[in-house]
Amino acid sequence: MTIVAARVDERMIHGQVAMVWTNTVGANRLMVVNDEVVRDEMAIQGLKIARPAGKKLAISSVAKAIENLQNGKFADDQVFVITRNIPDMAKLIDGGVPIKAFNVGNLSEKPGTKKIKPSVAVSPDDIAIIRRLLKQGVTITAQMVPNESATSIATFIDKAE
């Protein structure tokens, strides 16, 4: 199993992820990881519909994703890991999933968050997690689409603070 890319995107699978990112990173399996989505039948059906033709899809809780990614269940796949939020991505990394870099693509503005770029708003908890992961050597970029510059998310956070 090779994790070819990891992305935080609250929309999970949508046009940019389905068509642009999946092909750019060379994934043959999308793995959507979120404890709420895995229990939401409507969301699951939507993800199945949004899955790009010819690509495999796994929808997992954080704990099940850690288990499956560590036990070789997807040994023959090029996996693109997608979480709905920064804490879920951190839980995967903290749980031993070998993600050395991830991209934050879309987190909409909500109460208690601060917009750091047009497509990304983060909470103080998100910022603390990001700073901790950066200190651990994880590369974190903020990119909406692949042809956008892969700028460190720290640059956007520092400008916003």
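Analyst: Gladly! Helices (H or I, at least four residues) and strands (E, at least two) are DSSP runs, numbered from the N terminus. In E4, for instance, isoleucine 82 is the bridge partner of arginine 7. Keep in mind that this is a predicted model, where local features need pLDDT of at least 70 and side-chain atom pairs count only at pLDDT 80 or more, while totals for chains, interfaces and linings use all residues. Residues are numbered from 1 along each chain as its sequence is written, and side-chain values use heavy atoms, with hydrogens and water left out.

User: What is the strand order of the open sheet, and how do its strands pair?

Analyst: In general, strands of a sheet pair through backbone hydrogen bonds, either parallel or antiparallel. Here, six strands form an open sheet in the order E3-E2-E4-E1-E5-E8, with parallel pairing. Strand E3 (56-60) and E8 stand at the edges with a single partner strand each, so one side of each has no neighbour in the sheet. From one strand to the next, the twist averages 25°; angles run from 0 to 180 degrees between N-to-C directions, and axes are lines fitted to C-alpha atoms, for helices over the stretch in contact.

User: How many bridges join E1 to E4?

Analyst: Six bridges link E1 with strand E4 (residues 78-83), in the parallel sense. Threonine 2 faces glutamine 78 of E4. On its other pairing, strand E1 (residues 2-9) joins E5 over three bridges, also parallel. Arginine 7 stands opposite asparagine 103 in E5, and aspartate 9 has asparagine 106 of E5 as its bridge partner. E5 in turn is joined to strand E8 (residues 139-142) by four bridges, running parallel, with alanine 101 opposite threonine 139 in E8.

User: Are E1 and E5 largely enclosed or exposed?

Analyst: The general idea is relative accessible area: buried means under 20%, exposed over 50%, and partly exposed in between (1.4 Å probe, protein chains only). Six of the eight residues of E1 are buried, so the rest of the structure largely encloses that strand. E5 (residues 101-106) is also largely enclosed, because five of its six residues are buried.

User: Where is proline 52, and what does it touch?

Analyst: Proline 52 sits in the loop between helix H2 (41-50) and E3. Its relative accessibility is 8%, so proline 52 counts as buried. Contact means heavy atoms within 4.5 Å, and proline 52 touches Ala18, Thr22 and Leu30, leaving aside residues up to four places away in sequence.

User: How do I read the largest pocket, and which residues line it?

Analyst: Rolling a probe the size of a water molecule over the atoms shows where empty space is left. On a 1 Å grid over the protein atoms alone, a pocket is an open set of points with protein on both sides within 12 Å along at least five of seven lines, and lining residues have an atom within 4 Å of a point. Among the residues lining the largest pocket are Glu10, Arg84, Lys110, Thr113 and Ser123.

User: Is serine 123 buried or exposed?

Analyst: Serine 123 counts as buried, at 16% relative accessibility. Its place is in the loop between strand E7 (120-122) and helix H5 (124-135).

Conventions. Two strands pair if DSSP finds at least two bridges between them. On a 1 Å grid over the protein atoms alone, a cavity is a set of points where a 1.4 Å probe fits but cannot get out, and a pocket is an open set with protein on both sides within 12 Å along at least five of seven lines; lining residues have an atom within 4 Å of a point.
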